[in-house]
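Let's walk through this one together, from whole chain down to single residues. Have the viewer open as you read.

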Amino acid sequence: MIPQEFDYSAPTTLKEALQLIADGERKVMAGGMSLVPLMKLRLAAPGHVVDIGRVSDLNHITESGGVVHIGATATHHDLETSPVIRGRCPLLAEAASHIGDTQVRNMGTIGGSIAHADPAADYPASLVALEARIRLVSAKSDRTVAASEFFLDPFTTAVETGEMVLEILVNSEEPSEGYRYEKVAHPASGFAVVGVAARIKKTAGKISLARIGVTGLAPRAFRATAAEKLLESGGDIAKAAAAVGEGQEANSDLYASADYRRHLARVWAARAMTVALSRAS
Amino acid sequence: MATTVKPETLVGKKIRRREDPRLITGTATYVDDVKMPGMHHACLVRSTHAAARIKSVNVKPALERPGVVAVFTGEDVKDVGSVPCVAHLPGLRMPHHHVLAQDRVYYVGHPIAVVVATDRYIAADAADAVEVDYDVLPAVADPEKALAPGAAPVHPQWPDNVAFTFHQEGGNIEQAFRDADVVVKQRITSQRLIPMAMETRGVVADWRAAEKSLTLYTSSQAPHLVRSLLANIFGIAENRLRVIAPEVGGGFGSKIDLYAEDMLMAFVSQRINKPVKWIESRRENFLGTIHGRGHVDYYELAAKRDGTMLGLKLKIIQDLGAYLQLLTPAIPTLSVLMMPGLYKFKHISADIVGAFTNCFPTDAYRGAGRPEATHGIERMVDILAAELKMDPAELRLKNFPATDEFPYATPTGLAYDSGNYALPLHTAMDAVDYTALRAEQQQARKNGKLMGIGMSTYGEICAMGPSPATPTGGWESATVKIEPSGKVTVLTGASPHGQGEETTFAQIAADELGVDIDDVVVLHGDTLLVQYGIGTFGSRGTAIGGAALYYALQELKEKIKRFGAMLLEADQVSLVGGNCLDERSGKSVSFAQIASAAYRAMKLPPNTEPGLVSTHFWEPPNFTFPFGSHIVITDVDPDTGQISIRRYVAVDDCGKIINPLLVAGQVHGGVAQGLGQALWEHAVYDDNGQLVSGELTDYAVPRAHMMPWIEASHTVTPSPVNPLGVKGVGEAGTIGCTPAVVNSVVDALSHLGVRHIDMPLTPEKIWKLVQGAR
Amino acid sequence: MKISGSYLLPVPQARAYDLLQDPMVLAKAMPGCDTLDRIGDKEYHMKMKMVMASISGLFDGKVRIADPQPHSSFRLIVEGSGKIGFMKGDGLLTLTTVEGGTNVSYDGSVEVGGTIAAVGQRLLDSTSRMIIKRFFEKLTAEAAASGTAAPAANI
């Protein structure tokens, strides 16, 4: 478990970091929780690693103008415990608490996790359900991409050559909104066999908004829009949950076949919706 | 004159492990902590194919790298000899197991070349640069498929893939089946497992040409065995060969063997005339350290309508892997010995077919053959109970030998030493309130809930074992030295690697000599330091090594008393509280005074030599046979198939208990590994022989948060086999656990017509069964 | 691992068949393909670099077309090996004319070995499908780009 020889830079400013990665020949690393194991297995062998963990002010978690800004190098532990996240988008704090173990949550970052785009990672379900935006910067550009357009395929994102994730933007939730992240963790890897993030808003006793994000089931995280519509049009949870995964090609592996995964997604979607609804006021 | 206060007895007390401070402060010395001047590092090039002819190996790109001093391939080591297997069975086909592949590879991970460099990073990069050209051959990775006509031959010289067949019979099996009212049959598998010691294997070899001596540090459970085998293989005299097992981070049977890498490093050090280190990566540990289990078993049980068990037929198909490691073919024979479990079968018949497959060899893994047999018989008893519509506890109680039938002779040729098999079962049933639970289960079923109550009443064969029955030799040794200062040093031939015998043996010595436990140091694991010994495996450390220590202590005590009597000018003295006491005069002398007199030797007792040292080699007259009962209550989520363990009650009888804390630890650890097999773990080879659960991302070892609370308690039935009355407990948890869990889950689904589920009980399997029944 | 699926190529069946047998087109459509050199009848040597986020590997292998039934079906066999393991895909591609072009259905198996097999089984299914999807997407783009130009001869 020894990686191939590589060069290492640890810039302390964003400008320096962006210059280093401009030509796409160097690999960005933040917490290293995804990259380092791959390097040790020699599945990844970057010639040069740019560690952005020491770039100052990149791990901010702040709120301004109804938008929560989460810096790329904020750790899972930061998200799990941040009063801003817990107060303004508690769904994300709940998702963060399901990631890996304590050591991983202390080291791993939200930017690193989403840039890696493991199809069974926890964040993407919540980020698509929250309609989050991802801000990508390069030496020459600065743009924002919707979460639903950020995750493209397994390990494939909208990040272009020379770009890196700068921050994640999430609209502040109203305290009355109900939320839940439910996950079936793989007993070995801890990754989501399926993970379902639910947000439900009620107006005058009726569901006025439903957002359901699903991870682990398909090659990329997606919003279960059919289920959302059913909930919003007064459909009951069982009917809505049964629509989760419609039209999606389900993943399969040793632990869970495609059929079983699809079934699990529906069972856990129903459970997530139930809790989210009970939390909505 | 010293005061004589009899200290409290330590045996039976919860004494904290004396090993722990160095472990939890990170100051223990494992093989990877060994550093030597001039030490080089080795990295192996391993096959990515399960079966292939090697067309060429190009080592040039590796040799050209700065820092690489040598690359050795099959040709270099063709005369080094075979990785040893010491198990002998009639007609056994033993493939020559070269330390590096010759013209062909037999499993994924098969070592092809070894790269030696000045540091470990250079070695790893250079190993990557070695180019191997393969001509891929068909592989077979499943033992039943290997035995089917037309299967790809693992070894071309044995096209049927049969390494051996073995038959054993007791009683009259045909008669038993003729007399039976009921016969139940079931195919039961015990899947391949990865032993997964926390510390992977590692070797440092240091050849000194001028002295013609070799020192080998290796993460081993049996350093003396390694020395003997290496001495034989390399022709190095044992007195020039030193094997050290430093701190060993777990073995579970996987570190009894002498491995190719041990031999290879000994070879490399001799060739480069420098010390060389190899540390196994976790990936290599999956691919190249022995696996456990790998059984496909076919059972037939004959019984009377009233539940009386008559006869048991068993056919074992043992997945051996491509080669035979140290004990590989012997493991399923232990299953045969254990097959009747605790029940009074008079008639048995067993057949084993050992099948070669393009996989890494199986060998002893915690329980070694007994978990497979116990799982089988305990499942069969539940299947019979279902067939007879009898309560599984009642059926078990009906078939136990009575307490006055011990020693109890089994039809497999064993004599169970002592037992009260109903007691732990009753104790466990009382702990869970069994009758109330069954009522609750009825109610739960009415509400559509799936709740299971499962039990196992297991027996096992421990204290391996009398020498004629044990391929490695079955005795154990101990030396006790009273140092001139009066402090006590114990050298044990056992090689503890997590069992805590530095603590338990100190308890025994402190009690026998009446000294403070802090005055006792227990040493082990270095062949230069310790007299010849066998090692630690098969729950033998305390039951045999402890007994050897006990006898060595008795001999030493006699000598101490002779010195004490001389100093006190008394005819008779007794040993009390670390002093020799003349009970008539009330005078006493301390250990330190006696030791000083024994070494200073100004005056000696009659017919007595100076010094206070004794060594005892003890050959046990029989195995020991611990037993117990585990009851597991599960709740199964019908919507997802997820199993949750509501209660886990373990009542084990391991004879007398030296240290309840360590016994509890053994039970907890054993149950964890049992749960691993029952619920999560499976070493899966695909049809091409690729180990697809080859990392901890897919192979699910239980973690702390996955463990239920274990309610562990004990009954105590002393063993008459050894003077300590102990039986051994290292494997009990693993053996008792799997059938109790599976019986519980099958019980939860029994009203749906489910009779058996093979391990691991993954949620999808359970969900499909529930779906199928709907 | 078994794998099957289908893809709609927006070109007529004969054209789709020719495109799928054209080494120039295959070289452009195979994800990560660096070079594709003819080494025999319907057999090519291929070097490819697979990159998926952090994971990357160089593969050296062969592409072979077997059992060609012009315009209706053929077998495509792709094999490669590299430091991180090896892979072999063997699939029967069947072409049928449908509205809007040609339906290409594939039915076959994927084998992998080495590190990718040992640690990647969780992702094998989804990544295999992604690679196939990319192949057909590129092929569609190539079909559009190459217009009506005749495919390379002598394949």
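Helices (H or I, at least four residues) and strands (E, at least two) are DSSP runs here, numbered from the N terminus. This is a predicted model, in which local features need pLDDT of at least 70 and side-chain atom pairs count only at pLDDT 80 or more, while totals for chains, interfaces and linings use all residues. Residues are numbered from 1 along each chain as its sequence is written, and chains are lettered from A and ligands numbered from 1 in the order in which they are written.

With that in hand, look at two cis peptide bonds in chain B. One joins Met759(B) and Pro760(B), with omega about -5°, and Pro760(B) sits in the loop between α18 (732-749) and α19 (763-773). Another runs from Phe406(B) to Pro407(B), with omega near -5°; Pro407(B) belongs to the loop between α11 (392-399) and β16 (408-409).

Now for chain A as a whole. It has twelve helices and 14 strands. Its radius of gyration (over C-alpha atoms) is 19 Å, close to the 19 Å that the globule rule, 2.2 Å times the number of residues to the power 0.38, gives for 281 residues, so chain A is as compact as a globular protein of that length. Its C-alpha atoms fill a box of roughly 55 × 45 × 30 Å along the principal axes. Of its 281 residues, 57% are buried, where buried takes 20 or more other C-beta atoms within 10 Å of a residue's own, exposed takes 12 or fewer, partly exposed is in between, and C-beta atoms are placed from the backbone.

Two loop residues of chain A have positive phi without being glycine. Ala117(A), with phi near 55°, lies between α7 (110-116) and α8 (123-129) and is buried, with 25 other C-beta atoms within 10 Å.

What does chain A touch? For contacts, the C-beta atoms of two residues, placed from the backbone, must lie within 7 Å. By that test, 23 residues of chain A meet 17 residues of chain C. The chain A side there has twelve nonpolar, six polar and five charged residues, with Ala, Val, Leu, Ile, Met, Phe, Trp, Tyr, Cys and Pro counted as nonpolar, Asp, Glu, Lys and Arg as charged, and the others, Gly among them, as polar. The contact between chains A and B takes 15 residues from chain A and 23 from chain B, and the chain A side of this one has ten nonpolar, three polar and two charged residues.

Back in chain B, find helices α15 (residues 541-568) and α16 (residues 591-600). Their axes come within 10 Å and cross at roughly 95°, the axes being lines fitted to C-alpha atoms over the stretch in contact, with angles from 0 to 180 degrees between N-to-C directions. The pair is therefore roughly perpendicular, the label for 65 to 115 degrees (under 35 is roughly parallel, over 145 roughly antiparallel, the rest oblique). Ile560(B), Phe563(B), Gly564(B) and Leu567(B) in α15(B) meet Gln593(B), Ile594(B), Ala597(B) and Ala598(B) in α16(B). These contact residues divide into six nonpolar, two polar and no charged.

Last stop: α17(B), residues 660-680, is mostly covered, with 16 of its 21 residues buried.
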